[in-house]
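The following note sets out some points on the ligand site and on one helix, for comparison with the structure shown here.

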Amino acid sequence: MIIILFGPPAAGKGTQAKIIEEEHGLVQLSTGDMLRAAVAAGTEMGLRAKSIMDSGALVDDATVIGIISDRIDEADCANGFILDGFPRTVAQAEALDAMLEEKGRKLDHVIEVRVADEVLYSRVETRVAATPESERRADDNVETMKKRLEVYHAQTAPVLPYYDGKGMLKTVDGMQTIEEVTTEIRALLSA
Ligand code: AMP
């Protein structure tokens, strides 16, 4: 099973992906986590990506498409995977379609976790207050959140009509409790 969990930053995609991962024997693929690992390892890609990520902008399409294309060929993805934070542009969505077709695989579910902007801001404020500065992500602050949300609405939200046009888009209310959101996602996956 191949699933896209779609939504703005701090919508809870990562939390939900980890729960579904265990229940369905899938692998969570977070391009954000992979890019942060490249930054931490000091690779050439990481060095290029760091300042872009810190500013809240998007890393270029070719880089993230390459990361995902290589990653889904690995043995642990054979049973399926959950994409968390990819695709983030229409070009990435088109590239994903092309690569899945080429690899003889098929997308099963696209689930949008919908959360209002005000709620996202208050989540970040709560997290900043609760996390010591040394443990915070460089892009986890209200200022960068503003930029990340602008980027989401301008570049990522247009991916929604792309999948809706294919009749694939399902939406869950991400402003419920974690358990309620999981229950809705489970129902969509078993439908
Ligand atoms: P995330 O952990 O998904 O919030 O991603 C953190 C940052 O990594 C984003 O703000 C982008 O700078 C970069 N990033 C992650 N996934 C992508 C993607 N699919 N396309 C472009 N940039 C990405």
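1. The model is predicted. An oxygen atom of the ligand lies 3.3 Å from an N or O atom in the side chain of R137. Of the 480 Å² of accessible area that the ligand has on its own, the protein covers 96%.

2. Two further polar contacts involve nitrogen atoms of the ligand. A polar side-chain atom of T31 is 2.7 Å from a nitrogen atom of the ligand, and a polar backbone atom of V59 is 3.1 Å from a nitrogen atom of the ligand.

3. The ligand is surrounded by 16 residues, of which the closest are T31, R36, A57, G85 and R148. Sorted by class, this shell holds seven nonpolar, four polar and five charged residues. The element that gives the most to the shell is helix α2 (residues 31-41), with four residues.

4. Which residues of α9 are buried? They are V181, T182, I185 and L189. Viewed down the axis of α9, the buried residues fall within an arc of 100 degrees and therefore line one face of the helix.

5. The face of α9 turned away from the buried side carries E179 and S190, both of which are exposed.

Conventions
Residues numbered from 1 in each chain as written. Predicted model: local features only at pLDDT ≥ 70, side-chain atom pairs only at ≥ 80, totals over all residues. Heavy atoms only, no water. Near = heavy atom within 4 Å. Polar contact = N/O pair within 3.5 Å; in protein donor to acceptor, adjacent residues only side chain to side chain. Areas by Shrake-Rupley, 256 points an atom, 1.4 Å probe, with all protein chains shown as cover. Helix = DSSP H or I, 4+ residues; strand = E, 2+ residues; numbered from the N terminus. Nonpolar A, V, L, I, M, F, W, Y, C, P; charged D, E, K, R; others polar. Buried < 20%, exposed > 50% of the residue type's maximum accessible area, 1.4 Å probe, protein only. Arc of directions from axis to C-beta.
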